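This briefing is meant for a reader who is meeting the structure for the first time. It takes up the ligand site, then the packing of helix pairs, and lastly some points of backbone geometry.

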Amino acid sequence: MSQISIKEKAPLQGELSPPSDKSISHRAIIFSALADGRSLIRNFLQAEDPLRTLQAFRQMNVKIDDKTPNQEIIIHGKGLNGLKESRDIIDCGNSGTTMRLLSGVLAGQPFTSTLTGDKYLLRRPMKRIISPLTEMGALITSDNSGFPPIKIKGGGLKPINYISPVASAQVKSAILLAGLYCEGLTTITEPEKSRDHTERMLKAAGVDIDIRGLEVGVRGRAVLKPMDITIPGDFSSAAFFMVAGSLVPGSEILIKNTGINSTRTGLMDILKMMGANIEFHNMREVSGEPVADISVKYAELRGVEVGGELVLRAIDEFPILCVAAAKAIGTTRITGAGELRVKESDRIAAMASELRRMGVSIEELEDGLVIEGRERLNSAVIQSHGDHRIAMAMLIAGLIAEGETRVEDTDCVNTSFPGFVEMLKGLMKR
Ligand code: S3P
């Protein structure tokens, strides 16, 4: 089991380009595989999670060429009906996005598939996709009452109008993907608007998609056009550097080519409320997604109250937000974030226990945390809980701690951000 120690405490300076967007990478594979013809994907995230999605489609007989000279991916899409039953179980690894989005696709197939994952994914709830997909006509069984592994016998779907109890892009996407296989209009209404990469990509693929406030509708049966897509850097990966640059005195960095889709940039708004010196520059659009370079300078942060729609727009940034709060002047109160209990780990409990080891005073709420900021953290031995974002957030916490901080069980970083530590250390060299 690997571990990483942080003891250098130099200001962060220079430029970096974060790895490609994980959510968009998954979707680029899925929609290209379902399109009729050859798609080109540039800047695909070569990390464990999206590679699970790629492997799943290979298992279903989609030809995917990833040995191209410019590290592009070429997908020879088979159309909606061209997938073949996988001979083996599909292993989604740690990736909830792979399992939930694939379930929507598999619900439309005239064959049976089994999806499993690692010990962390096996603890994540799947009823949220099993219920609507069952309503649409798929036969889904889980011998573990709503947890993976799940078996999906697809085909013969009918459209539904689903009111989702949870704001989740994975649930929304699973239903829209299944909707491609239905005759007529399938709609999903969310309590709040989750990330909209699926809607953008379906539109780009020429699918008839209708967005009215919180309701998204897709008309099937659809034909998807092949795509030529360039994937931007991942705001959720940039987030670690946005906070690191804000917390370490003397830092000044430029994070280039980062997606700034407003359904994802809640952390930017929260950090600004806290007094951060962060700006978007060179705003542009790349393959239907807004992109910018982000400048970050050290600033003294103040505690804030975070709740409501900001939480969903910063849902994956909660671990690193807690680190910002741990150094801010005063109290930060985060509420309405109960979904964090069912992410790659229980991120509320994990951040409470790991920041406490560093001397931070924290109150754990059912749906959030109350964090008292302090000038400096104590060094400690930290557990990642097998969660990439906990591991990276706590390594950033190590930058503002006395002495050496060691984070254990760090292989999980490779699910979204291979090369994270090298990139961080690259900013410390002058
Ligand atoms: C994702 C949606 C979010 C997010 C996850 C990626 C996606 O999950 O937390 O990291 O790519 O659709 P939920 O849909 O469970 O909120």
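Helices, of at least four residues, and strands, of at least two, are DSSP runs that are numbered from the N terminus. With that numbering, proline 149 is placed in strand E9, which covers residues 147-153. The model described here is a predicted one, and the points below are grouped by topic.

**The ligand and its surroundings**

- The residues that surround the ligand are Ser23, Arg27, Thr97, Arg100, Ser168, Ala169, Gln170, Arg195, Ile315, Asp316 and Lys343.
- Arginine 27, one of these surrounding residues, has a polar side-chain atom that lies 2.6 Å from an oxygen atom of the ligand.
- For serine 168, too, a polar side-chain atom is found 2.6 Å from an oxygen atom of the ligand.
- In the side chain of lysine 343, an N or O atom is 2.7 Å from an oxygen atom of the ligand.

**Helices H1 and H3**

- Helix H1, made of residues 22-34, packs with helix H3, made of residues 96-106, at an angle of about 20°, and their axes are 11 Å apart.
- Because angles under 35 degrees count as roughly parallel, this angle makes H1 roughly parallel to H3.
- The crossing in which H1 passes H3 is right-handed.
- On the H1 side the contact involves His26, Arg27, Ile30 and Leu34, and these meet Thr97, Thr98, Leu101 and Val105 in H3.
- Sorted by class, the contact of H1 with H3 holds four nonpolar, three polar and one charged residues.
- Arg27 and Thr97, which take part in this helix contact, are also among the residues that surround the ligand.

**Helices H7 and H10**

- Helix H7 (residues 235-247) packs with helix H10 (residues 318-327) at an angle of about 10°, with the two axes 9 Å apart.
- H7 and H10 are therefore roughly parallel to each other.
- The residues of H7 that make the contact are Ala239, Phe240, Val243 and Leu247, which meet Ile320, Val323, Ala324 and Lys327 in H10.
- By class, the residues where H7 and H10 meet comprise seven nonpolar, no polar and one charged.

**Helices H11 and H12**

- Helix H11, covering residues 347-357, and helix H12, covering residues 388-399, pack at an angle of about 30°, while their axes are 11 Å apart.
- That angle makes H11 roughly parallel to H12.
- H11 and H12 cross in a right-handed sense.
- Arg347, Ala350, Met351, Glu354 and Leu355 of H11 are in contact with His388, Arg389, Ile390, Ala393 and Met394 of H12.
- This contact of H11 with H12 divides by class into six nonpolar, one polar and three charged residues.

**Backbone geometry**

- The peptide bond that runs from proline 148 to proline 149 is cis, and its omega is near 0°; proline 149 itself belongs to strand E9.
- Glycine 220 and arginine 221 are likewise joined by a cis peptide bond, for which omega is about -10°.
- Arginine 221 has its place in the loop between strand E13 (215-220) and strand E14 (228-230).
- Asparagine 43 has a phi near 65°, which is a positive value in a residue other than glycine.
- The location of asparagine 43 is the loop between strand E3 (36-42) and helix H2 (48-59).

Note on methods: Residues numbered from 1 in each chain as written. Predicted model: local features only at pLDDT ≥ 70, side-chain atom pairs only at ≥ 80, totals over all residues. Heavy atoms only, no water. Axes fitted to C-alpha atoms, helices over the stretch in contact; angles between N-to-C directions. Parallel < 35°, antiparallel > 145°, perpendicular 65-115°, else oblique. Left-handed = near helix turned anticlockwise from the far one by under 90°. Contact = heavy atoms within 4.5 Å. Nonpolar A, V, L, I, M, F, W, Y, C, P; charged D, E, K, R; others polar. Near = heavy atom within 4 Å. Polar contact = N/O pair within 3.5 Å; in protein donor to acceptor, adjacent residues only side chain to side chain.
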